[in-house]
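Try each task yourself before you read the solution.

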Amino acid sequence: MEHNKKRLGKSLLPIFIIVLMVFSTFGIIIGGTSRSQTDPQKIEYKEYEFKLDSNNKWYTYKDGQKLEFLYDPLTLENVYTGDLFNKIFSHKKTYLSVNPNEAPAREIEFFRSVSSSITNKPFILSCFSDFKGCETLPLKDCNDSIINEVLVINLVSGQEAFQEEGSCIGIVGNAETFIKVAEKIRLEYLTNG
């Protein structure tokens, strides 16, 4: 009988060790997952703390209001926008000129709504040439720009570039480019306002 107790003790020890290892590994996995959810990635940018949420959006707070960004502030800092930020505030009227057959409509609307909301001015959708689909939109190109009066921003699909001449700005790129430029404007507004 005593021999059976020793045998039982010897067989329980390896089982105990295996169970302990399995639960330890399980605990590390669970602990690691919960830690990453409660301690999101953070970036300190100027006077603001940006955090990455579970939907992969970056957010910060200003005056108690949550502001969300699709890109982190360090990525947006590297987006070149020339003097666009100052020009959208200094001009009385702004046209967003596009080719409706090529321009990504949702991203153009995002650009327009972001810009309008921070300036409290309408950004009028227009076409930079007489394309199909422009029958009800005004035609506006760089020739229609007037310094400190009328700003024309051409949003053109193509190889990424930024062109600026007087009160005419050309932003060439894809949907991601237009979103990044709009978010860069919001970031500048946040940190300068």
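**Exercise 1: a serine and its surroundings**

S115 has 0% relative accessibility, so it counts as buried (buried is under 20% relative accessible area, exposed over 50%, partly exposed in between, with a 1.4 Å probe and protein chains only). Before going on, a word on the source: this is a predicted model, in which local features need pLDDT of at least 70 and side-chain atom pairs count only at pLDDT 80 or more, while totals for chains, interfaces and linings use all residues. Residues are numbered from 1 along each chain as its sequence is written, and side-chain values use heavy atoms, with hydrogens and water left out.

Task: find which helix holds S115 and what S115 touches.

Step 1. Look for S115 in helix α4, which spans residues 105-119. Helices here are DSSP runs of H or I with at least four residues, strands are runs of E with at least two, and both are numbered from the N terminus.

Step 2. Check the side chain: a polar atom of S115 sits 2.9 Å from the backbone oxygen of F111. A polar contact is a pair of N or O atoms within 3.5 Å; within protein, one must be able to donate a hydrogen and the other to accept it, and residues adjacent in sequence count only if both atoms are side-chain atoms.

Step 3. Skip residues up to four places away in sequence, and S115 touches F123 and I185 (contact means heavy atoms within 4.5 Å).

**Exercise 2: across the helix, strand to strand**

Task: find the sense in which β5 and β6 pair, and the hand of the crossover between them.

Step 1. Strand β5 (residues 93-98) and strand β6 (residues 123-127) pair in the parallel sense, over five bridges. Two strands pair if DSSP finds at least two bridges between them.

Step 2. Follow the chain from β5 through α4 to β6: this β-α-β crossover is right-handed. That label applies if, with the strands pointing away from the viewer, the path from the first strand over the helix to the second runs clockwise.

Step 3. Now try K93, which is found in β5. At 39% relative accessibility, K93 counts as partly exposed. Not counting residues up to four places away in sequence, K93 touches I124, E149, V150 and L151. The C-alpha atoms of K93 and K121 are 7.8 Å apart, with the two residues 28 apart along the chain.

**Exercise 3: a hairpin**

Task: which residue in the turn between β8 and β9 has a positive phi?

Step 1. β8 (residues 161-165) and β9 (residues 168-173) pair in the antiparallel sense over five bridges.

Step 2. The two strands form a hairpin with two residues between them, and G166 in the turn has a positive phi of about 60 degrees.

Step 3. For a pair to look at, take E164, which stands opposite I169 in β9.

**Exercise 4: a tyrosine in β2**

Task: find what the side chain of Y48 reaches.

Step 1. Y48 belongs to strand β2 (residues 48-52). With 14% relative accessibility, Y48 counts as buried.

Step 2. Its side chain reaches the backbone oxygen of L190 at 3.4 Å.

Step 3. Beyond four places in sequence, the contacts of Y48 include I43, T60, Y61 and T191.
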